[in-house]
Amino acid sequence: MLDRPFDPETRIVSRKDQPPVLERSCDICVVGSGASGASAAIEAARAGNSVILVDGLPSLGGQAVNSIIGMFCGLFTPGPEGTQLTHGIADDIIHDLGATGDAHIIAGGVMKTVMYNEVALGRWVENAILKAGVQPLTGAIIRAVNMEGRRVASLDIATRHGDVRITANGFIDASGDAAITWQAGLDCRVQKTGQIYGSQMLIIEDFDDSKKPDWDTMAARIAEKGEKYGMMRRDGFAATFPGRNVAMVNMTHIETPLDPFDAAAKQIDGKEQADRTLVFLQNEFPEAFGTAKIRAYGLPGIRQTRWIVGTHHLTTEEVRGAKKFDDAIARCSWPLEQHHNQEGYVWEVFGPDHVHTVPLGSLTVAGADNLVAVGRCIDADSTALSSVRVMGPCIAMGAAAAHALTLAGSGSVHQIDMAALKNRLRDNLEG
Ligand SMILES: Cc1cc2nc3c(=O)[nH]c(=O)nc-3n(C[C@H](O)[C@H](O)[C@H](O)COP(=O)(O)OP(=O)(O)OC[C@H]3O[C@@H](n4cnc5c(N)ncnc54)[C@H](O)[C@@H]3O)c2cc1C
C-alpha cells in the first residue's frame, strides 16, 4: 500500500456567503475543562445528561494539565493520616494514574496531597470525557450569552473553524473567570484593592535529586538571595516527581490582569521570571541544579481574576469557624493560602479535625435560574476562596453542579430538593 498513487492536483475554494452558525443542543453545557469543569461534565453525563464541554484552549484539562499545577490539594483532612474528603473522579484519577506510576499520594508534610504527571492527566481527562459520552468543543471562546428572562438560553461561541451556538437546559460556569456570568451581564466580583498573584510553573530536568536541598533550605536561600537574581517572589519550592528525574518548580509570582494586551505581556514576563529562577537554582545549588534545564513552561497559572455573585458569599470567618452549612455540597481542610504579596504567600494551617464546607449558595449565580459556577470563580471573599479553590474541592463542586442542574431540570436551581442533592453527593459529605 505504500506505493499507492497520490493525486497532487488541488482545487480552489473561497468564501462567498456568511457561513451558517453551527447549532447544537444538549441537556447541560459546561464551559471550562479544568478540575471543576471536567468533574462537572463527567458527573453530568454519568447522571444521564447529554453534555457538551467547551474550552477556549485547543486541549482539555484546564490549569491542572496546561498550567502544570502538578499536585491535587484539598482532597484530605490535615496531617499525614488525613482521610479523603472528595471522591468521584478523584478516586478514578488516583486509581488509574496510580496504576501507571503517574500519581502518588504524598503523606509526609502538613497536608497530604496527590502529585501527578500532567501529561498523563491530560490523556486521562480526554479518555474519561469520551468514555462518559461527553461531546468536547475545544479552541472555542464564548462571544455572547443569550438570556431569556432568568435563564441562560444559549451561548454564541467563536472557533477557528466557524461560529457555533449551543442551546442547553443548564449551564455550568467552570471558566475560572466567570466568563458565562460576565458575558450574561450578571453581577460579578473583582478584587477591590490589590491583587492576587498567579505563578508561572515550570518543569526542570537534568538535575541531581540526591543533592537537592530540602524545601526550608531552598526557601531560606531565596529569601536571602532572590533579590540579586531579580526574583519577584522570595519563596517557593521544587518538588521532584517520585521515580522520575523531573521537578515541578513553583517560585514565581505573576500578575494576571483581565485586559487582553496586559495579559499577553504578563505571560511573557512570567517566563522571564521563571528563567531567573533557573539561574538562581543553578548558581546557588550547583551540585544539585548546575546542569538543570527547563523542560516545559506551563501556561500562566491564574489563581483569581473575576468571580460570581452567588446567593451566598463565603467568608473567611465561616472557613476559620469550620461552618457546616445546611446546603453544604463540598468539604475542605486546605489552609488559607493567600498570594496577595509579591514576595510570598500567607499560609494559615488548620487543626487536625478542622473541616469547613462549601454551600450550594456560593455556586448558584444570583441572577439566573439555570447557571451554576464551580471552581475558582465561586462566590467567596478572597481569603476564603484561597482555600476552597484548590483542586480537591473543585472536583466536589463539579459533581454538585452536575447533580443540582439534573435535579432542577427545567425549573430553578435555587429551588431544588436539597435532601435529594445531598443524597447524591453523600460520598463527598460523609465519612
Ligand atoms: C500557580 C498555581 C499553583 C496552584 N497550586 C495548586 C496545587 O498545588 N494544588 C491544587 O489543588 N490547587 C492549586 N492551585 C489552585 C488550582 O490549581 C486552581 O484553583 C484550579 O485548578 C482551578 O480549576 P478550575 O476548574 O476552577 O479552572 P481552570 O483550571 O482555570 O480552568 C478554566 C478553563 O476555562 C477555560 N475558559 C476560560 N474562559 C473561557 C472562555 N471565555 N471560553 C471558553 N473557555 C474558557 C480555560 O481555557 C480553562 O481551561 C494553584 C493555582 C495556581 C495558579
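**Domain organisation, sheets and ligand shell**

In the predicted model, the domain assignment divides the chain into domain 1, made of residues 22-192 and 305-429, and domain 2, made of residues 202-297. A distance of 28 Å separates the C-alpha centres of domain 1 and domain 2. Twelve residues of domain 1 and 14 residues of domain 2 take part in the contact. On the side of domain 1 that touches domain 2, eight residues are polar, two are nonpolar and two are charged.

The ligand is surrounded by 39 residues, and Gly32, Gly34, Gly62, Gly301 and Gly375 are the closest. Two or more residues of this shell come from each of the helices α1 (35-46), α2 (62-66) and α11 (391-408), and from each of the strands β2 (51-55), β3 (71-72) and β7 (140-148). By class, the shell around the ligand holds 19 nonpolar, 15 polar and five charged residues.

Strand β3 also belongs to an open sheet of three strands, in which the order is β3-β5-β4 and the pairing is antiparallel. Strands β3 and β4 (103-106) form the edges, and each of them pairs on one side only. Strands β4 and β5 (residues 113-116) run antiparallel and are joined by four bridges. Within this pairing, Ala103 has Tyr116 of β5 as its bridge partner. Helix α3 (residues 89-99) packs on the sheet and touches β3, β4 and β5, with its direction at about 110° to that of β4.

A second sheet is also open and antiparallel, with four strands in the order β12-β13-β11-β14. Its edge strands are β12 (237-240) and β14 (293-297); each has a single partner strand, so one side of each lacks a neighbour in the sheet. On average, and with direction ignored, neighbouring strands of this sheet are turned by 30° against each other. The antiparallel strands β11 (residues 202-205) and β13 (residues 246-250) are connected by four bridges. Glu205 has Val246 of β13 as its bridge partner. Helix α7 (residues 260-284) packs on this sheet, where it touches β11, β13 and β14, and its direction makes about 155° with that of β14.

Most residues other than glycine have a negative phi. Ile68, in the loop between α2 and β3, has a positive phi near 55°. Ile68 counts as buried because 24 C-beta neighbours lie inside 10 Å, where the cut-off for a buried residue is 20 or more. Ala178 likewise is not a glycine and has a positive phi, of about 55°. The position of Ala178 is in the loop between β9 (162-173) and α5 (179-183). With 26 C-beta neighbours inside 10 Å, Ala178 is therefore classed as buried.

Ala384 is part of helix α10 (residues 382-388). Ala384 is buried, because 23 other C-beta atoms lie within 10 Å. When its neighbours within four places in sequence are left aside, the contacts of Ala384 are with Leu314, Thr315, Thr316, Glu318 and Val319. Pro335 is 49 residues from Ala384 along the chain, and the C-alpha atoms of the two residues are separated by 9.5 Å.

Note on methods:
Residues are numbered from 1 along each chain as its sequence is written. This is a predicted model: local features need pLDDT of at least 70, side-chain atom pairs count only at pLDDT 80 or more; totals for chains, interfaces and linings use all residues. A residue is near a molecule or strand if its C-beta atom, placed from the backbone, lies within 6 Å of it. Ala, Val, Leu, Ile, Met, Phe, Trp, Tyr, Cys and Pro count as nonpolar, Asp, Glu, Lys and Arg as charged, and the others, Gly among them, as polar. Domain bounds come from an automatic or database domain assignment. Two residues are in contact if their C-beta atoms, placed from the backbone, lie within 7 Å. A residue is buried if 20 or more other C-beta atoms lie within 10 Å of its own, exposed if 12 or fewer, and partly exposed in between; C-beta atoms are placed from the backbone. Two strands pair if DSSP finds at least two bridges between them. Axes are lines fitted to C-alpha atoms, for helices over the stretch in contact, and angles run from 0 to 180 degrees between N-to-C directions.
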